[in-house]
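Let's take a quick tour of the cross-links and the strand pairing in this protein chain. Have the sequence and the 3D view open as you read.

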Amino acid sequence: MNLAKTLAVAACAALLSTGVLSSAHRAYAQNADDSLPDTGSWGAPGASAADEAASPDSKGPPIDIEGCWDGDVSDKVDGIGDAFFGFTQDGKKIVGHGDSGMDLDWPDSSFADSPIQGTVSSKGIEFKGQAGKGCPFHGTGKGDASELSGKITFGGKCAKFFKHVRFSISPGPC
């Protein structure tokens, strides 16, 4: 089991080391000293720890995820909330630089929003982003062009606020 955890940590570190370039959606006090102008934001009243994610299979042509997707997000502390993802797809890539993003909102005023980038496979998606300074995350989702379900693992400062984050989304209006 220690080898599995070590490999998961190494995979997370590799995903987070490449950085994310995109535009911010909200400005809050915790982001006032943010020296990275191209990041998202987050906020939460509770406390928790990070979760681990698995990678989708990459055999076959990528599924078509282009457009807007919405559905539910759940978190161990915050309960059920709303999830919105906007994807710009170029083959097997989820195009970053502000072209793709996620917005997660819970009834207790917790939220995380960020531009994302990643990859698309025949079985699902893999993505990463930064919801403000000190709040990197990565996620995976499995499914097809009609529904994706998966999890998001937060790191840094916000890892203690978002634990066991799961999402279930389907194509929706923009």
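Two strands count as paired if DSSP finds at least two bridges between them. Keep in mind that what you're looking at is a predicted model.

- Strand 8 and strand 9 make a hairpin, with five residues between them.
- In that turn you'll find glycine 132, whose phi is positive at about 90°.
- Strand 9 also pairs with strand 10, again in the antiparallel sense, and here there are eight bridges.
- Along this pairing, threonine 140 faces lysine 151, which belongs to strand 10.
- The hairpin that connects strand 9 to strand 10 passes through two residues.
- As a general point, side chains in a regular strand alternate between the two faces of the sheet.

**The disulfide of cysteine 68 and cysteine 174**

- A quick reminder: a disulfide is a covalent bond between the sulfur atoms of two cysteines.
- Cysteine 68 is joined to cysteine 174, with an S to S distance of 1.9 Å.
- Cysteine 68 is part of strand 2 (residues 67-75) while cysteine 174 is in the segment after strand 11 (165-171), so this bond ties together parts that are 106 residues apart in sequence.
- The torsion about the S-S bond is about 110°, so this disulfide is right-handed.
- Are its two ends buried or exposed? Cysteine 68 is buried, because its relative accessibility is 13% and the cut-off for buried is under 20%.
- Cysteine 174 has a relative accessible area of 80%, so it counts as exposed, given that exposed means over 50%.

**The disulfide of cysteine 135 and cysteine 158**

- The sulfur atoms of cysteine 135 and cysteine 158 are 1.8 Å apart and form a disulfide.
- This pair links distant parts of the chain, 23 residues apart: cysteine 135 is in the loop between strand 8 (124-130) and strand 9 (136-144), and cysteine 158 is in the loop between strand 10 (147-154) and strand 11.
- This link is right-handed too, with 85° about the S-S bond.
- Cysteine 135 is buried, at 0% relative accessibility, and cysteine 158 is buried at 0% as well.

**The overall pattern**

- Count the bonded cysteines along the chain, and the disulfides follow the pattern 1-4, 2-3.

Technical notes. Residues are numbered from 1 along each chain as its sequence is written. This is a predicted model: local features need pLDDT of at least 70, side-chain atom pairs count only at pLDDT 80 or more; totals for chains, interfaces and linings use all residues. Side-chain values use heavy atoms; hydrogens and water are left out. A disulfide is a pair of cysteine sulfur atoms within 2.5 Å. Helices (H or I, at least four residues) and strands (E, at least two) are DSSP runs, numbered from the N terminus. Buried means under 20% relative accessible area, exposed over 50%, partly exposed in between (1.4 Å probe, protein chains only).
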